[in-house]
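Biologist: I'd like to learn how to read a few features off a model like this one. Could you walk me through them?

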Amino acid sequence: MKKLLGAVCLGLLTVVLLACFFPNHLTPYQPDQIDFSRKFTPPGQEHLMGTDELGRDVFTRILYGGRATLGAALVIAGGTTLTAALWAAISVYLGGIWDELLTRMVDLLMIIPGLLLALLLVSILEPGMISLVLALVIARWPGYARILRGQLYSLKGQDFLLAAEAVGARPLRIIWRHLLPNAQVMILTVLGLSFASGIISISSLNFLGFGVQLPHPEWGAMTNAARPFLQTRPYLMIFPGAAIVSTILLTNLSLSLLEPES
(Lines give C-alpha, C1' and ligand atoms only; values in the text may rest on other atoms or scores of the structure.)
Protein backbone atom coordinates (compact mmCIF):
# COMPACT_ATOMS: atom_id res chain seq x y z
CA MET A 1 0.00 0.00 0.00
CA LYS A 2 2.88 2.33 0.86
CA LYS A 3 4.54 1.76 -2.50
CA LEU A 4 1.22 2.26 -4.29
CA LEU A 5 0.66 5.62 -2.60
CA GLY A 6 4.22 6.58 -3.43
CA ALA A 7 3.70 5.67 -7.07
CA VAL A 8 0.49 7.74 -7.15
CA CYS A 9 2.30 10.75 -5.68
CA LEU A 10 5.14 10.34 -8.17
CA GLY A 11 2.62 10.06 -11.00
CA LEU A 12 0.84 13.23 -9.90
CA LEU A 13 4.18 15.03 -9.65
CA THR A 14 4.99 13.93 -13.19
CA VAL A 15 1.63 15.27 -14.38
CA VAL A 16 2.38 18.63 -12.74
CA LEU A 17 5.79 18.79 -14.43
CA LEU A 18 4.39 17.88 -17.84
CA ALA A 19 1.55 20.40 -17.49
CA CYS A 20 3.97 23.19 -16.62
CA PHE A 21 6.49 22.37 -19.33
CA PHE A 22 3.84 21.94 -22.05
CA PRO A 23 1.17 24.49 -21.03
CA ASN A 24 0.10 25.37 -24.57
CA HIS A 25 -1.74 22.03 -24.76
CA LEU A 26 -3.90 22.88 -21.73
CA THR A 27 -4.86 26.53 -22.21
CA PRO A 28 -5.81 28.70 -25.20
CA TYR A 29 -4.53 31.88 -23.53
CA GLN A 30 -1.10 33.47 -23.30
CA PRO A 31 0.38 34.33 -19.88
CA ASP A 32 0.71 38.06 -20.71
CA GLN A 33 -2.57 38.37 -22.64
CA ILE A 34 -4.26 41.48 -21.20
CA ASP A 35 -8.02 42.00 -21.38
CA PHE A 36 -9.28 44.83 -19.14
CA SER A 37 -12.88 43.92 -19.92
CA ARG A 38 -12.38 40.64 -18.01
CA LYS A 39 -10.30 41.82 -15.05
CA PHE A 40 -11.07 40.21 -11.69
CA THR A 41 -13.31 37.58 -13.29
CA PRO A 42 -13.96 34.98 -10.56
CA PRO A 43 -13.05 31.33 -11.13
CA GLY A 44 -15.51 29.68 -13.47
CA GLN A 45 -15.93 27.60 -16.59
CA GLU A 46 -14.27 30.08 -18.98
CA HIS A 47 -11.44 31.00 -16.63
CA LEU A 48 -10.80 28.03 -14.37
CA MET A 49 -8.89 30.06 -11.77
CA GLY A 50 -10.28 33.47 -12.64
CA THR A 51 -8.38 36.50 -13.97
CA ASP A 52 -6.14 39.08 -12.31
CA GLU A 53 -6.18 42.89 -12.21
CA LEU A 54 -5.14 43.05 -15.88
CA GLY A 55 -7.58 40.43 -17.10
CA ARG A 56 -4.88 37.77 -17.52
CA ASP A 57 -5.95 34.15 -17.06
CA VAL A 58 -4.60 32.94 -13.71
CA PHE A 59 -4.59 29.25 -14.69
CA THR A 60 -2.43 30.07 -17.72
CA ARG A 61 -0.03 32.10 -15.60
CA ILE A 62 0.15 29.27 -13.03
CA LEU A 63 1.20 26.84 -15.78
CA TYR A 64 3.77 29.15 -17.36
CA GLY A 65 4.93 30.28 -13.92
CA GLY A 66 5.48 26.65 -13.00
CA ARG A 67 7.79 26.31 -15.98
CA ALA A 68 10.00 29.03 -14.46
CA THR A 69 9.79 27.79 -10.87
CA LEU A 70 10.11 24.05 -11.50
CA GLY A 71 12.63 24.46 -14.31
CA ALA A 72 14.89 26.47 -12.04
CA ALA A 73 14.36 23.98 -9.18
CA LEU A 74 15.37 21.08 -11.46
CA VAL A 75 18.56 22.87 -12.51
CA ILE A 76 19.33 23.67 -8.87
CA ALA A 77 18.71 20.04 -7.88
CA GLY A 78 20.92 18.70 -10.68
CA GLY A 79 23.74 21.18 -10.09
CA THR A 80 23.64 20.80 -6.32
CA THR A 81 23.56 17.00 -6.38
CA LEU A 82 26.30 16.66 -9.01
CA THR A 83 28.61 19.09 -7.21
CA ALA A 84 27.97 17.49 -3.82
CA ALA A 85 28.40 13.94 -5.11
CA LEU A 86 31.67 14.67 -6.93
CA TRP A 87 33.08 16.56 -3.95
CA ALA A 88 32.12 13.75 -1.55
CA ALA A 89 33.54 11.04 -3.82
CA ILE A 90 36.84 12.85 -4.38
CA SER A 91 37.19 13.64 -0.68
CA VAL A 92 36.53 10.05 0.38
CA TYR A 93 38.70 8.49 -2.32
CA LEU A 94 41.73 10.71 -1.65
CA GLY A 95 41.41 10.40 2.12
CA GLY A 96 44.04 11.56 4.56
CA ILE A 97 45.02 15.21 4.60
CA TRP A 98 43.04 15.93 1.41
CA ASP A 99 39.84 14.63 2.98
CA GLU A 100 40.50 16.77 6.05
CA LEU A 101 41.12 19.92 3.99
CA LEU A 102 38.07 19.43 1.78
CA THR A 103 35.88 18.73 4.80
CA ARG A 104 37.06 21.88 6.58
CA MET A 105 36.38 23.90 3.42
CA VAL A 106 32.77 22.71 3.40
CA ASP A 107 32.45 23.41 7.14
CA LEU A 108 33.49 27.02 6.51
CA LEU A 109 30.88 27.38 3.75
CA MET A 110 28.20 25.94 6.01
CA ILE A 111 28.80 28.63 8.65
CA ILE A 112 26.87 31.09 6.48
CA PRO A 113 23.12 30.28 6.22
CA GLY A 114 22.27 29.11 2.70
CA LEU A 115 19.55 31.67 1.97
CA LEU A 116 21.69 34.52 3.30
CA LEU A 117 24.62 33.41 1.15
CA ALA A 118 22.32 33.20 -1.89
CA LEU A 119 21.06 36.75 -1.26
CA LEU A 120 24.64 37.97 -0.96
CA LEU A 121 25.66 36.31 -4.23
CA VAL A 122 22.58 37.59 -6.08
CA SER A 123 23.32 41.13 -4.92
CA ILE A 124 26.84 40.81 -6.36
CA LEU A 125 25.80 39.16 -9.63
CA GLU A 126 23.54 40.68 -12.26
CA PRO A 127 19.88 40.25 -11.19
CA GLY A 128 17.99 37.54 -13.05
CA MET A 129 16.97 33.90 -12.95
CA ILE A 130 20.38 32.59 -14.08
CA SER A 131 22.16 34.45 -11.28
CA LEU A 132 19.56 33.23 -8.79
CA VAL A 133 19.98 29.58 -9.81
CA LEU A 134 23.79 29.83 -9.72
CA ALA A 135 23.70 31.47 -6.29
CA LEU A 136 21.41 28.78 -4.87
CA VAL A 137 23.59 25.95 -6.22
CA ILE A 138 26.65 27.52 -4.58
CA ALA A 139 24.77 28.06 -1.33
CA ARG A 140 23.07 24.64 -1.13
CA TRP A 141 25.67 22.03 -2.16
CA PRO A 142 27.87 21.99 0.99
CA GLY A 143 25.11 20.65 3.25
CA TYR A 144 24.27 17.81 0.88
CA ALA A 145 27.97 17.10 0.34
CA ARG A 146 28.38 16.26 4.04
CA ILE A 147 25.43 13.86 3.85
CA LEU A 148 26.86 12.07 0.80
CA ARG A 149 30.36 11.97 2.27
CA GLY A 150 29.04 9.98 5.22
CA GLN A 151 27.34 7.51 2.87
CA LEU A 152 30.38 7.12 0.61
CA TYR A 153 32.79 6.83 3.53
CA SER A 154 31.05 3.59 4.54
CA LEU A 155 32.02 2.16 1.14
CA LYS A 156 35.72 2.92 1.51
CA GLY A 157 37.84 -0.22 1.68
CA GLN A 158 35.14 -2.42 0.14
CA ASP A 159 36.33 -5.32 -2.02
CA PHE A 160 34.98 -3.87 -5.29
CA LEU A 161 37.07 -0.71 -4.84
CA LEU A 162 40.19 -2.68 -3.94
CA ALA A 163 39.65 -4.90 -6.99
CA ALA A 164 39.31 -1.88 -9.28
CA GLU A 165 42.55 -0.41 -7.91
CA ALA A 166 44.30 -3.78 -8.27
CA VAL A 167 43.56 -3.98 -12.00
CA GLY A 168 44.93 -0.47 -12.52
CA ALA A 169 41.71 1.51 -12.97
CA ARG A 170 42.22 5.28 -13.00
CA PRO A 171 40.96 7.25 -9.98
CA LEU A 172 38.34 9.10 -12.03
CA ARG A 173 36.99 5.82 -13.41
CA ILE A 174 36.86 4.30 -9.92
CA ILE A 175 34.92 7.30 -8.64
CA TRP A 176 32.52 7.50 -11.59
CA ARG A 177 31.96 3.80 -12.33
CA HIS A 178 32.33 2.14 -8.92
CA LEU A 179 32.03 4.54 -5.99
CA LEU A 180 29.11 6.79 -7.00
CA PRO A 181 26.83 4.04 -8.44
CA ASN A 182 26.92 2.22 -5.10
CA ALA A 183 25.45 5.29 -3.42
CA GLN A 184 22.75 5.89 -6.03
CA VAL A 185 19.85 5.55 -3.57
CA MET A 186 21.23 8.32 -1.36
CA ILE A 187 22.11 10.42 -4.42
CA LEU A 188 18.54 10.14 -5.72
CA THR A 189 17.24 11.07 -2.28
CA VAL A 190 19.47 14.15 -2.23
CA LEU A 191 18.25 15.00 -5.73
CA GLY A 192 14.64 14.91 -4.55
CA LEU A 193 15.34 16.87 -1.39
CA SER A 194 17.26 19.55 -3.27
CA PHE A 195 14.42 19.80 -5.80
CA ALA A 196 11.88 20.43 -3.03
CA SER A 197 14.12 22.93 -1.24
CA GLY A 198 14.87 24.55 -4.60
CA ILE A 199 11.15 25.24 -5.12
CA ILE A 200 10.99 26.90 -1.69
CA SER A 201 14.13 28.97 -2.29
CA ILE A 202 13.20 30.07 -5.82
CA SER A 203 9.67 31.02 -4.79
CA SER A 204 10.88 32.85 -1.67
CA LEU A 205 13.51 34.90 -3.50
CA ASN A 206 11.13 35.71 -6.35
CA PHE A 207 8.56 36.74 -3.73
CA LEU A 208 11.18 39.22 -2.48
CA GLY A 209 11.72 40.57 -5.99
CA PHE A 210 14.83 38.69 -7.12
CA GLY A 211 14.99 36.54 -10.25
CA VAL A 212 12.01 36.74 -12.62
CA GLN A 213 10.93 40.28 -13.42
CA LEU A 214 7.38 41.36 -14.24
CA PRO A 215 5.35 40.73 -16.33
CA HIS A 216 6.79 37.21 -16.63
CA PRO A 217 4.92 34.76 -14.38
CA GLU A 218 6.52 32.79 -11.54
CA TRP A 219 4.78 31.27 -8.52
CA GLY A 220 6.58 33.31 -5.86
CA ALA A 221 6.32 36.55 -7.84
CA MET A 222 2.61 35.90 -8.48
CA THR A 223 2.01 35.39 -4.75
CA ASN A 224 3.73 38.70 -4.00
CA ALA A 225 1.78 40.54 -6.73
CA ALA A 226 -1.51 39.27 -5.23
CA ARG A 227 -0.90 40.70 -1.75
CA PRO A 228 -2.86 43.96 -2.35
CA PHE A 229 -5.91 41.90 -3.32
CA LEU A 230 -5.77 39.34 -0.50
CA GLN A 231 -9.00 40.44 1.17
CA THR A 232 -11.00 41.21 -1.98
CA ARG A 233 -9.67 38.60 -4.44
CA PRO A 234 -8.02 35.90 -2.28
CA TYR A 235 -7.92 33.38 -5.15
CA LEU A 236 -5.08 35.38 -6.73
CA MET A 237 -2.82 34.35 -3.85
CA ILE A 238 -4.40 30.99 -2.99
CA PHE A 239 -3.77 29.33 -6.37
CA PRO A 240 -0.03 30.06 -6.76
CA GLY A 241 0.48 29.33 -3.05
CA ALA A 242 -1.35 26.02 -3.43
CA ALA A 243 0.80 25.18 -6.46
CA ILE A 244 3.98 25.67 -4.40
CA VAL A 245 2.75 23.70 -1.39
CA SER A 246 1.24 20.80 -3.35
CA THR A 247 4.32 20.31 -5.53
CA ILE A 248 6.63 20.24 -2.52
CA LEU A 249 4.25 17.88 -0.72
CA LEU A 250 4.09 15.49 -3.69
CA THR A 251 7.90 15.49 -3.93
CA ASN A 252 8.41 14.74 -0.24
CA LEU A 253 5.70 12.07 -0.17
CA SER A 254 7.22 10.38 -3.22
CA LEU A 255 10.62 10.30 -1.50
CA SER A 256 9.34 8.98 1.82
CA LEU A 257 6.87 6.42 0.47
CA LEU A 258 9.16 5.03 -2.24
CA GLU A 259 12.22 4.83 0.02
CA PRO A 260 13.72 1.32 -0.22
CA GLU A 261 13.33 -0.91 2.82
CA SER A 262 16.52 -1.14 4.87
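**Reading the features, one by one**

Modeller: Let's start with Asp107: at 23% relative accessibility, this residue counts as partly exposed. Keep in mind that we are looking at a predicted model.

Biologist: Which side chain does Asp107 meet in a salt bridge?

Modeller: Asp107 pairs with Arg146, at 2.3 Å from N to O. This pair links distant parts of the chain, with Arg146 in helix 5 (residues 129-153) and Asp107 in helix 3, 39 residues apart. Arg146 is partly exposed too, at 31% relative accessibility.

Biologist: Where do Arg104 and Glu100 lie?

Modeller: Both are in helix 3 (residues 96-111), four residues apart, which is about one turn of the helix. Arg104 is partly exposed at 38% relative accessibility, and Glu100 is partly exposed at 40%.

Biologist: How many salt bridges does a search of the whole structure find?

Modeller: The search gives 10. One of them joins Asp32 to Arg61, with the closest N and O atoms 3.2 Å apart. Asp32 sits in the loop between helix 1 and helix 2, and Arg61 in helix 2, so the pair ties together parts 29 residues apart in sequence. Arg61 is buried at 5% relative accessibility, while Asp32 is partly exposed at 33%. Asp32 and Arg61 also belong to a salt-bridge network with Asp52, Glu53 and Arg56.

Biologist: On to cysteines. How many disulfides are there?

Modeller: First the idea: a disulfide is a covalent bond between the sulfur atoms of two cysteines. Here the count is zero.

Biologist: Now the nonpolar core. Which residues touch the most other members of the largest one?

Modeller: In general, nonpolar side chains tend to be buried together in soluble globular proteins. The largest nonpolar core here has 28 residues, and Val58, Ile62, Leu70, Phe195, Ile199, Trp219 and Leu236 touch the most other members. Two or more residues come from each of helix 1 (2-21), helix 2 (58-94), helix 8 (184-207), helix 9 (219-225) and helix 10 (235-257). Helix 10 gives the largest share, eight residues. There is also a second, separate core of 23 residues, with Ala89, Leu102, Val106 and Ile174 among them.

Biologist: What does Phe195 touch?

Modeller: Setting aside residues up to four places away in sequence, Phe195 touches Leu13, Leu17, Leu70, Ala73, Leu74, Ala77 and Thr251.

Biologist: Is Leu179 buried or exposed?

Modeller: Leu179 is buried, at a relative accessible area of 2%. This residue belongs to helix 7 (residues 171-179). Beyond its neighbours within four places in sequence, Leu179 contacts Ala89, Leu152, Leu155, Leu161 and Ile174. Leu179 and Leu155 are 24 residues apart in sequence, yet 7.5 Å apart in space, C-alpha to C-alpha.

Biologist: Which residues form a nonpolar patch on the surface?

Modeller: That patch is made of Met1, Leu4, Leu5, Val8 and Leu12, with about 510 Å² of accessible area together. Val8 belongs to helix 1 and is partly exposed at 42% relative accessibility.

Note on methods. Residues are numbered from 1 along each chain as its sequence is written. This is a predicted model: local features need pLDDT of at least 70, side-chain atom pairs count only at pLDDT 80 or more; totals for chains, interfaces and linings use all residues. Side-chain values use heavy atoms; hydrogens and water are left out. A disulfide is a pair of cysteine sulfur atoms within 2.5 Å. A nonpolar core is a set of buried Ala, Val, Leu, Ile, Met, Phe, Trp, Tyr and Cys residues joined through side-chain atoms within 4.5 Å. Buried means under 20% relative accessible area, exposed over 50%, partly exposed in between (1.4 Å probe, protein chains only). Contact means heavy atoms within 4.5 Å. Patches are made of residues with over 30% relative accessible area and no salt bridge: like charges are joined within 9 Å, nonpolar side chains (Val, Leu, Ile, Met, Phe, Trp, Tyr) within 5 Å. Accessible areas come from the Shrake-Rupley method with a 1.4 Å probe; for residues, only the protein chains shown count as cover. A salt bridge is a side-chain nitrogen of Lys or Arg within 4 Å of a carboxyl oxygen of Asp or Glu.
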